[in-house]
Amino acid sequence: MRKYLSIIAAALVIASCGGNQRKADDPLADSGRTQRTENLLSNLKAWGDSTVYLFGHQDDTIFGIGWDDEQNDSTATQHHSDIKSICNDSPALVAFDITGIEKSNQQTAEGIALDKIRQEVINTYNENGIVSLSLAMSSDKTVESLAAFLNSLETPYGVRVPVLLRLRGKQSKELWQALAEGLEDEDVTNALLVYAPTVDSLTTEQKYLELYPGDDIIDVLGISYYCDAPEGDTTLVANYAQQLDRQLAMLAAIGKQHGKPIAVAETGYNGIKTEDWWTHTLATVLEKHPVSYVLLWRNERPDYFFVPYPGHTSTSDFVRFYNLPATLFRHDINGPYYQQ
């Protein structure tokens with residue numbers, strides 16, 4: 001493995017189950033969630049505290065530049081990935097948006113088959129990766145559909161896949177409360193809840209916590225913030241870095257007060273118009289703060305992408321970013337669902 005692993009794996013459950021599909025042990029912790037889910041939370045804290053962070057990418061195996069696998073066979077052993085094409089490794093964390101789940105039991109609002117996402121979640125778990133799911137809630141029916149989907153994220157050997165779950169769009173304390181109570185009522189035991197409002201220039205600690213539903217509901221504190229610098233405007237890129245730095249300093253203080261890991265739950269620079277953005281902008285900010293993970297948005301088309309693809313001008317700098325001691329990709333983590 002190319003870098004120090006911050007997690008030492010326990011016995012490999014997948015191997016022990018073998019081909020006879022015996023059920024694996026999936027015990028509950030005192031919290032009522034599965035022990036694997038609690039271990040993931042503990043490890044997120046440990047990664048942040050040790051100045052390393054997971055790299056994540058939205059829809060990494062579904063969308064890319066010049067290809068998409070949204071309708072392809074999700075059980076195939078080989079999948080496309082712009083990240084893997086560049087560095088022969090996968091993101092440590094892969095994310096999917098399931099908004100619209102209450103309107104159809106077959107696909108998301110963007111038309112992605114839920115069966116496809118379900119299999120990608122299980123594939124990611126089996127490959128030692130971590131999964132984040134996001135959605136915008138619109139009704140109580142959303143919670144029912146969401147709970148059913150989360151409960152269906154079970155491997156063939158009987159383990160419910162732990163996931164990070166984040167609300168996007170309009171939120172309120174009441175909405176979070178309804179979500180938490182609904183998941184509990186439906187016996188969902190494999191979800192960690194991520195609170196990550198969108199940053200603006202007026203954000204203060206008081207404003208950040210304005211809609212915070214409480215420590216008993218939220219597991220991870222995050223922010224969502226994008227670099228908006230058309231045509232590679234260096235002043236605007238610098239403004240992004242300064243604002244991100246300020247917000248993460250504030251978030252780190254809140255996380256310490258509340259005993260929560262922190263994350264950049266959604267970010268990116270559409271088009272990546274400065275070649276050294278990865279090492280000279282993003283990494284230089286993240287290395288100052290106890291961030292557990294950073295999630296970049298998806299690659300969808302030539303005018304809408306947030307990580308490089310083969311031939312893009314920032315590819316070389318991304319490889320340098322990949323090789324930094326602080327960045328954790330799939331090959332750098334081992335046993336994320338086991339105690340350290």
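**Close-up views of loops and helix pairs**

View 1. Thr51 is exposed, at a relative accessible area of 54% (exposed means over 50%, buried under 20% and partly exposed in between, with a 1.4 Å probe and protein chains only). The model shown here and in the other views is predicted, so local features need pLDDT of at least 70 and side-chain atom pairs count only at pLDDT 80 or more, while totals for chains, interfaces and linings use all residues. Residues are numbered from 1 along each chain as its sequence is written, and side-chain values use heavy atoms, leaving out hydrogens and water. You will find Thr51 in the loop between α2 and β1 (53-58); helices (H or I, at least four residues) and strands (E, at least two) are DSSP runs numbered from the N terminus. Phi of Thr51 is near 60°, a positive value in a residue other than glycine.

**View 2. Helix α2 (residues 35-49), which comes before Thr51.** From its first C-alpha to its last, this 15-residue helix reaches 21 Å, close to the 21 Å expected at 1.5 Å a residue (the expected span is 1.5 Å times one less than the number of residues). α2 is mostly covered, with eleven of its 15 residues buried. Among the buried residues of α2 are Arg36, Glu38, Asn39, Leu40, Leu44 and Trp47.

**View 3. Pro91, in the loop between α3 (82-87) and β4 (93-97).** How accessible is Pro91, buried or exposed? Pro91 is buried, and its relative accessible area is 0%. Leaving aside neighbours within four places in sequence, Pro91 is in contact (heavy atoms within 4.5 Å) with Phe55, Gly56, His57, Asp60, Ile83, Phe329 and Arg330. The C-alpha atoms of Pro91 and His57 are separated by 6.3 Å, although the two residues are 34 residues apart along the chain.

**View 4. Helices α5 (residues 140-151) and α6 (residues 173-185).** Their axes come within 9 Å and cross at roughly 45°; axes are lines fitted to C-alpha atoms, for helices over the stretch in contact, and angles run from 0 to 180 degrees between N-to-C directions. The two helices are therefore oblique to each other (under 35 degrees counts as roughly parallel, over 145 as roughly antiparallel, 65 to 115 as roughly perpendicular and the rest as oblique). The crossing of α5 and α6 is right-handed, with the near helix turned clockwise from the far one by less than a right angle. Val143, Leu146, Ala147 and Leu150 of α5 meet Ala178, Leu179, Gly182 and Leu183 of α6. By class, this contact has seven nonpolar, one polar and no charged residues (Ala, Val, Leu, Ile, Met, Phe, Trp, Tyr, Cys and Pro count as nonpolar, Asp, Glu, Lys and Arg as charged, and the others, Gly among them, as polar). The buried residues of α5 include Thr142, Ser145 and Phe149, and their cover includes α4 (114-126), β5 (130-135) and β6 (163-167).

**View 5. Helices α8 (residues 234-258) and α9 (residues 277-286).** These helices pack at an angle of about 20°, with their axes 8 Å apart, and are therefore roughly parallel to each other. Their crossing is right-handed. On α8 the contact is made by Val237, Tyr240, Ala241, Leu244, Asp245 and Leu248, and on α9 by Trp277, Thr281, Leu282, Val285 and Leu286. Nine nonpolar, one polar and one charged residues make up this contact.

**View 6. Asp187, in the loop between α6 and β7.** Asp187 has a positive phi of about 60° although it is not a glycine. Asp187 counts as exposed, at 52% relative accessibility.
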